[in-house]
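Please have the sequence and the structure open while I talk.

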Amino acid sequence: MVRARSEERRAEILRAALEVIAERGYRGATLGSVAERVGLTQQGLLYYFPTKEALLVAVLEERDRWDTSGGRDREGWRVDLLESLVEYNAMRPGIVQTFSALLGESVTDGHPARTFFTERYAQVRANMADVLRLEFGDRLPGGLTPEQAAPLLTAVMDGLQYQWLLDPSAVDMPSAFRDFLRLLRGGGDA
């Protein structure tokens, strides 16, 4: 019972942290503002997350768990599931905005999420190469290997998110991603 309440409180803190980071960015977010949203003191929050950096990493890990929820782990992804992920992201702009803001901030020296994103992107590129190999074999229709195309696929997904966040009425993220898949497949139907 106590453990369940503790996990519920932890989840509540993560949701609040996600909101605060989405509104203010990581550097503008404070432990005090997160604690206030969940009715805790800053000291109470530190019981669950001993540092701001620990809270940030937990938020990022939770965001990745949401992306792989529904019983699908990344190793089981196919191109059509990537399309579903893009559609899912289009329904949750707050989470996409938070992730994008943290990603942008993480390229600065000393940012606490830099290691997380560096390791995450190495894993994402490897996963994308596996997805592409499953779909196309050792060569895509344009002649690229899955390893050559994986960073491009990742860049398209992230780049579409940024464009969509900036002007959602002008960028239909799911439709644009389907167009990109059509290009990957050699211009045929996606």
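Let me start with E105, which sits in helix α6, and let me say at once that what we are looking at is a predicted model. The side chain of E105 is joined to the side chain of H111 by a polar contact of 3.5 Å. If we leave aside residues up to four places away in sequence, E105 touches G25, Y26 and R27 as well as H111.

Staying with helix α6, which covers residues 93-106, I would turn next to how it meets helix α7, residues 114-136. In general, two packed helices are described by the angle between their axes and the distance between the axes. Here the axes of α6 and α7 come within 9 Å and cross at roughly 105°; since angles of 65 to 115 degrees count as roughly perpendicular, α6 and α7 are therefore roughly perpendicular to each other. On the α6 side the contact is made by F99, L102, L103 and S106, and on the α7 side by R114, F117, R120 and Y121. Sorted by class, this contact of α6 with α7 holds five nonpolar residues, one polar residue and two charged ones.

Now to the cavities, of which the count comes to two at 30 Å³ or more. I will speak about the second largest cavity, whose volume is about 60 Å³. At least two lining residues come from each of α1 (2-28), α2 (31-37) and α4 (52-67), and α4 gives the largest share, with three residues. By class, the lining of the second largest cavity divides into seven nonpolar residues, one polar and one charged.

Finally, let me step back to the whole chain. The protein has nine helices and zero strands, and the C-alpha trace spans about 55 × 35 × 30 Å along its principal axes.

Methods: Residues numbered from 1 in each chain as written. Predicted model: local features only at pLDDT ≥ 70, side-chain atom pairs only at ≥ 80, totals over all residues. Heavy atoms only, no water. Axes fitted to C-alpha atoms, helices over the stretch in contact; angles between N-to-C directions. Helix = DSSP H or I, 4+ residues; strand = E, 2+ residues; numbered from the N terminus. Parallel < 35°, antiparallel > 145°, perpendicular 65-115°, else oblique. Contact = heavy atoms within 4.5 Å. Nonpolar A, V, L, I, M, F, W, Y, C, P; charged D, E, K, R; others polar. 1 Å grid on protein atoms, 1.4 Å probe; cavity = no way out; pocket = protein on both sides within 12 Å on 5 of 7 lines; lining within 4 Å. Points joined across faces, edges and corners; volume = space filled by probe spheres on them. Polar contact = N/O pair within 3.5 Å; in protein donor to acceptor, adjacent residues only side chain to side chain.
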